[in-house]
Amino acid sequence: MTDNLTGDLYTALCDIPLIDPHSHIDPYAPVSRSLDDILNYHYYTELAHSAGMSQAPLGKDVPPRERVRAIIGHMGRFDNTTQYSWFLEIARTFLGFTGDRLTAADADGLFDAAERVFNQPDWEKQVFEKTKLESIFLTNEFDELLTDFDTKKYVPCLRTDSLVFHLDKPRIRERLAEATGIDVVDAQTLRKATWKLFARFKAKGAKACAISLPPDFTPLHIPDAEFDRALHAVAKDSPIAKAVFGGVQFARIVTGTSSPQDATPQAAAAMGVFWTLAEHCREFELPFDLMIGVNRRVYENGVYQGQDLFDQRTSLHQYKALFNAFPEVTFPVSVLTSGQNQELVAYSWIFPNVLPNGHWWYSNVPAYIRPDLTERLQAVPKTKLIGYYSDAYKLEFVLPKYNMYRRTLAGVLADEFVRPGRFTETEAVGLGKRLLRDNVREIFKV
Amino acid sequence: MTDNLTGDLYTALCDIPLIDPHSHIDPYAPVSRSLDDILNYHYYTELAHSAGMSQAPLGKDVPPRERVRAIIGHMGRFDNTTQYSWFLEIARTFLGFTGDRLTAADADGLFDAAERVFNQPDWEKQVFEKTKLESIFLTNEFDELLTDFDTKKYVPCLRTDSLVFHLDKPRIRERLAEATGIDVVDAQTLRKATWKLFARFKAKGAKACAISLPPDFTPLHIPDAEFDRALHAVAKDSPIAKAVFGGVQFARIVTGTSSPQDATPQAAAAMGVFWTLAEHCREFELPFDLMIGVNRRVYENGVYQGQDLFDQRTSLHQYKALFNAFPEVTFPVSVLTSGQNQELVAYSWIFPNVLPNGHWWYSNVPAYIRPDLTERLQAVPKTKLIGYYSDAYKLEFVLPKYNMYRRTLAGVLADEFVRPGRFTETEAVGLGKRLLRDNVREIFKV
Amino acid sequence: MTDNLTGDLYTALCDIPLIDPHSHIDPYAPVSRSLDDILNYHYYTELAHSAGMSQAPLGKDVPPRERVRAIIGHMGRFDNTTQYSWFLEIARTFLGFTGDRLTAADADGLFDAAERVFNQPDWEKQVFEKTKLESIFLTNEFDELLTDFDTKKYVPCLRTDSLVFHLDKPRIRERLAEATGIDVVDAQTLRKATWKLFARFKAKGAKACAISLPPDFTPLHIPDAEFDRALHAVAKDSPIAKAVFGGVQFARIVTGTSSPQDATPQAAAAMGVFWTLAEHCREFELPFDLMIGVNRRVYENGVYQGQDLFDQRTSLHQYKALFNAFPEVTFPVSVLTSGQNQELVAYSWIFPNVLPNGHWWYSNVPAYIRPDLTERLQAVPKTKLIGYYSDAYKLEFVLPKYNMYRRTLAGVLADEFVRPGRFTETEAVGLGKRLLRDNVREIFKV
């Protein structure tokens, strides 16, 4: 750390056991088996590809060791990035790396070290301990079984993107029918089927419903007759329906529509399903995580999970009807861009049911976290701030990502609270604990 | 302060007598009578409500002491905020509070102290002196009398939201007729009636005309024939007219319109009235304060004055026609979001008649003031920068709000001007005085 | 500098010879002849005018000395700005000025000093040496001859605004015909004529094609039949065509259009020409500099080159089709506002062919450069970052503008890389060299 006070605060923050409220961990394979599992994380494949690496090393048939060599071989082109820092910290913390900089020459040594370390029988337990991790939220498709793992440790969370945005795809409707025994053909069957999903998830200990949304999605309530018609049309799966259902056109239609009557069947169905999920959240007392702002498949030839971007022209004003209609539902909101942070601050300051949630994706580097966090701490009640989530695919990432956040948080607490004499060090750590742990427990009832 | 230089600059800035160019002070009741007057300020009711307080304590029949207990009882949930800091400073400066943190246990003591202090016969004078306040601008409805107070101290300012946006309401048209003796039925009568208002305000020492505008308002000039038709229609007060005249629908119609002919009568009338006011500002040589960006009643069940938010998708480009058409009118512009600050900087850099004005509402915390102010100081002529206004409802708020601003200003002057050797300390204080006082005097001709 | 580390880094960065990848230098008159050449730079005429100077001193018949007096006479009103600092640095570095502040009293002395200094026979050489400038890119109209100057030192660059946005003007079509011997009447002749331009520029050592674009331009591919029709219509030069071809209307049409079929002929022609230029960039292996976000002639009565502004509501999402269609073309992208920087960071992080390029125009002050640069350094591969360009009209400006950038860069390297222990000082200087020089060489193949 750059000064003693910040260093002391950081150390104190690192002692607080973590509850990580959003990740993509597979509870059946939570830790890495090889260095390939780490470097296959899309942040690295994206940056290596963006910096000039072809996609050849990412092919399924390429041996993991060669892929690792290729990606580390390109790291010299992006060793300035925060993402590189996470990997360096993983190498140091978990793999015994002692150097200051990673080069192509380190690839084989690290690969071998990872083979040894990651395959220890108690590796998962070790990672939990080193990370001081208590529990971590998952992202579960609606038809996942949620059996054979400890749901206190790996907390289920119902992810609903496919229900809202892909119900026009036959495979999604089939899966929904298999999972619930209900063929969705109209509003009533849709409501029954999704209600069953909520009941099952709730019984399994789910603590949230979640969805990611394109920048121009505008949820509106749809009368049942209209919703029926939309679902009938969607179920027909016509080519035209498909054509307007992905990306730009879909978005444009939804945004430009003042009443659902003018929307395409797909857009109307999306709105109706979304609204129904909010109703279930109310009934089942589950927070509804909204992750707002992602356009899918913008870079069409991007690496796996490296194709999504955004359009800064979006507003929480689009969610006015939703936030007003569901005062009983808690909406932890993630925004994709720092430019939306002031809206998130203001909407959270005014709406009791809107809460700022973490620092998502393209905003998950200190250059954005620092100002966004400072703004939230100056204007939103501290009991409403969910500080951070890892968004991790493998447990090894929780530590370096949270450390980045804790360093930034320590700096903000030092500069904005302790140095101006507003808080004592102890009070500042207490505020940090609220953001890192207490609020997660209270808001998600963990 | 966190360092000596900043501390010295802050002290010097605090010596400069203030002219506060925008507030909501009631000149007949400028100071608080009880702590309830302080805590009823919407910032506190909003934050308490947003942090979980029901609206029951805000009822008219609730005794003030109980309301104060309820709000202070919730402060522990938002003692991280800047707004809390203002209140703590009020408690310390005016009420003899000596603690570091306010808790529910302090409510009764503070309430009693406020009863004693605020009811001293010379309290208003004391607040003026402690605040080093010379004069403060008001926000006056068009039919206020402006008599029986010292208009040198409480400077009248004609607020015009109701004329522009609510002329379709019978009560507004009646009040306008009562105030002017003119029934507004067309462009000519509208022009006459509003001219009379300007003449009366000018005679009473008014120094500005002001309005707050939704994010998608786009002022355009309307030919008289069209303006006539719009006013005829508006005067009919049809239900349809009302339906499109508040909030979203209105805004959408105005924005999407390339020519006024396509607008609804209400939108066309709003544009016509607005343009007429700008013409009067030219004739009466009054600056026209534009406060750009607020959507009214977004959180429908919010506390009083705690329902308004915004849509970041707005641009000063919408004001191109206005700024070009009225080179003789000075437009002090406030924007609601930090995201609009770069436009405000650039438009002020280019247009002689556009000036950045203070830090409004959701941008009125140091996390936004600091970058916004730094940007303005680096790229806009210093003679055009109106540093700050309190927006206060009671005089006791002027001091803590200006102190927050002066602390931030001192920090920027230290880091951007004195430390890099660009300005001496004396020169930096001179620059601060420009922003705090000289420009207000020159621009508003006080 | 405010601390030793930053000072040391700054000194080291100043030793790196510069290749300036974008300017408006006239290779036949690269240096100033009088102080009037310096102060006629639109930044000064804009700020003086914005601060209250009439446009009378800018008239062609006004003697240069008087114009200089007028502008320096108004500098006291904007001596807080970064632009003033550039001029002060020019006066100190090149004209022997030793004071701390410029006043009207300095005008004549500086004017005389400039006469002496600027008219030395080797002045151009001296400026190159003092600036450690190796070469500088030009901005050339398509029909410039590119003869009689050293194209290694003054690197040609094909500017294409007039081809894309003004082909409806007879004079532009005539000039194109004169330059290529081809009358453009349809897609095929347009393709041939512009191909000839590329061939000539490439032969003369051009290293880039460049264009500035309005905030709502959305490039789409147009089928040839459609392009033919658009060019036929444009060639007719009808008054209606002109009416929709400048500013707002044009922009609105382009943006609101989901398919080129709905566009006006002018908008369709612009899209078609633009796409053709991208095809030529691919064939001739030239980077295509996109400078995104400027609205021309917003302040209609502004000073020369001081009429342009922007609309923050713009998105790189508008360029999705282009970036996907031309993976072989490198697009160095400049954005006009700091608000667009996160998109630029994210699109550069994901798309291999998108690169952040400098800090343009209204974002070219430290208050914007600092956060924008920090964000880029934390999330974009370092090999893709083109740090800065001067945008200079006269060579004397390269030094103070690059110094401003180097000071900011030194601060970011110190605070984000050296102090947290991520980079050694030497490594940090190496990173700075990448941004200042290495990447320019590699990306533009200098």
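Biologist: Which residue forms a salt bridge with B:R101?

Modeller: Side chains of opposite charge can pair when their charged atoms come close. Here B:R101 pairs with A:E427, and their closest N and O atoms are 3.0 Å apart. The rule for a salt bridge asks for a side-chain nitrogen of Lys or Arg within 4 Å of a carboxyl oxygen of Asp or Glu. The model is predicted: local features need pLDDT of at least 70, side-chain atom pairs count only at pLDDT 80 or more, and totals for chains, interfaces and linings use all residues. Residues are numbered from 1 along each chain as its sequence is written, chains are lettered from A and ligands numbered from 1 in the order in which they are written, and side-chain values use heavy atoms, with hydrogens and water left out.

Biologist: How many salt bridges are there between chain A and chain B, and how many over all chains?

Modeller: Between chain A and chain B the count is two. Over all chains the rule gives 84.

Biologist: How much area do chain A and chain B bury between them?

Modeller: The size of an interface is often given as the accessible area lost when the parts come together. Buried area is here the accessible area (1.4 Å probe) that two parts lose on being put together, summed over both. For chain A and chain B the value is about 3400 Å², with 54% of it on carbon and sulfur atoms. On the chain A side, A:Q342, A:W349 and A:I350 lose the most area to chain B, together 23% of what that side buries.

Biologist: How many residues does the contact take from chain A and from chain B?

Modeller: With contact meaning heavy atoms within 4.5 Å, chain A gives 41 residues and chain B gives 43 residues.

Biologist: How many residue pairs are in polar contact across the interface of chain A and chain B?

Modeller: A polar contact is a pair of N or O atoms within 3.5 Å; within protein, one must be able to donate a hydrogen and the other to accept it, and residues adjacent in sequence count only if both atoms are side-chain atoms. The rule finds 30 such residue pairs across this interface, both residues at pLDDT 80 or more. On the side of chain A that touches chain B, at least two residues each come from α15 (320-325), α16 (341-350), α17 (366-379) and α19 (425-443) of chain A. Of these, α16(A) supplies the largest share, nine residues. By class, that side of chain A divides into 16 nonpolar, 15 polar and 10 charged residues. Ala, Val, Leu, Ile, Met, Phe, Trp, Tyr, Cys and Pro count as nonpolar, Asp, Glu, Lys and Arg as charged, and the others, Gly among them, as polar. Helices (H or I, at least four residues) and strands (E, at least two) are DSSP runs, numbered from the N terminus.

Biologist: How many residues of α16(A) are buried?

Modeller: Buried means under 20% relative accessible area, exposed over 50%, and partly exposed in between (1.4 Å probe, protein chains only). In α16(A), 10 of its 10 residues are buried; among them are A:E343, A:Y347 and A:W349.

Biologist: What parts of the chain does the salt bridge of C:E134 and C:R437 tie together?

Modeller: The N to O distance of C:E134 and C:R437 is 2.9 Å. C:E134 is in strand β2 (residues 133-137) and C:R437 in helix α19 (residues 425-444) of chain C, so the bridge ties together parts 303 residues apart in sequence. C:E134 is partly exposed at 38% relative accessibility, whereas C:R437 is buried at 10%.

Biologist: Where in chain C are C:E226 and C:R229?

Modeller: An α-helix has 3.6 residues a turn, so residues three or four places apart point the same way. C:E226 and C:R229 are three residues apart in helix α11 (residues 224-236) of chain C, about one helical turn. Their salt bridge has its closest N and O atoms 2.9 Å apart. C:E226 is buried at 12% relative accessibility, and C:R229 is exposed at 53%.

Biologist: In what order do the five strands of the open sheet in chain A stand?

Modeller: Two strands pair if DSSP finds at least two bridges between them. The order in chain A is β4-β5-β6-β7-β8, with parallel pairing. β4 (158-159) and β8 (354-356) of chain A are the edge strands, each pairing on one side only. β4(A) is joined by two bridges to β5 (residues 209-213) of chain A, and A:L158 stands opposite A:C209 there.
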